[in-house]
Amino acid sequence: MNGSLAELPLGRLLERLAAERLTGVVRVSNGSHIWFDDGAVYLAENEASARLESVLYGNGVTPEKQIRQMLDEQTNVAASLVGADPDAEAMLSRLVHEFNLTVLFELVVPSEHTFEVEHGPVHAVGPHFAEPVDDLVVQAERRLEIWKQIATRIPSVDVVFKLSSSLPDETDERVVTSDEWRYLSLLDGHTSVASVITQTGESAFRVCSSLYRLLLEGLLEEPGA
């Protein structure tokens, strides 16, 4: 099966393949790959995404180099990592979910990309963290709507921000999250949003959505504002 995402949008394509209980891979012309096991998605990757081994290194137990070797030589790598460190399962599940959702979010944007469905291939990471297609599609499409709102204040990742000189009126204090602090510590009036994304290794959506919230609260401003 092959076609164009302009004629068959990603959400409808994935829902059809889920109904057919596909085990295999969807190869998209922009270099993305979406891996299925019995109709559920367990991995979505593209050439611009972070390396999978660096994401799986989030278990903090198995060295990244060893994970890369496992991906080259073994199958069901995710299950093996969870077996070696059961306490890391919840964290790894969140990391893989975010990894997959970032790729799918980019693919739900209307495009002329073509796709080809191949039955049978299995990725070495294995289906341990497979998720229902419906949930992923809903979340990816929701992110697209949020992204449209973000673009009204952050129209480009070349934008530069700095901390506001004071808290908004009637605000005595504001507790920041660890993620917010990582981003705020880099905003000096010279560092672009693109540089924050690069330096933190986070997805553009995650960084921009956090900065958008801070902008709405009046905690950030553009230099010269």
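**Pockets and sheet**

The lining of the largest pocket divides into 12 nonpolar, 7 polar and 6 charged residues, where Ala, Val, Leu, Ile, Met, Phe, Trp, Tyr, Cys and Pro count as nonpolar, Asp, Glu, Lys and Arg as charged, and the others, Gly among them, as polar. Please keep in mind that this is a predicted model, in which local features need pLDDT of at least 70 and side-chain atom pairs count only at pLDDT 80 or more, while totals for chains, interfaces and linings use all residues. Residues are numbered from 1 along each chain as its sequence is written, and side-chain values use heavy atoms, with hydrogens and water left out.

A pocket here is an open set of points, on a 1 Å grid over the protein atoms alone, where a 1.4 Å probe fits, with protein on both sides within 12 Å along at least five of seven lines, and lining residues have an atom within 4 Å of a point. Of the 25 residues that line the largest pocket, Glu-98, Thr-102, Gly-201, Glu-202 and Ser-203 lie nearest its centre, and helix 5 gives the most to that lining, with 10 residues.

Turning to the sheet, helices (H or I, at least four residues) and strands (E, at least two) are DSSP runs, numbered from the N terminus, and two strands pair if DSSP finds at least two bridges between them. The open sheet has 5 strands in the order 1-5-2-3-4, paired antiparallel. Strand 1 (2-4) and strand 4 (40-45) stand at the edges with a single partner strand each, so one side of each is left without a neighbour in the sheet. Strand 2 (residues 24-28) and strand 3 (residues 33-37) run antiparallel and are joined by 4 bridges, and Val-26 has Ile-34 as its bridge partner in strand 3.
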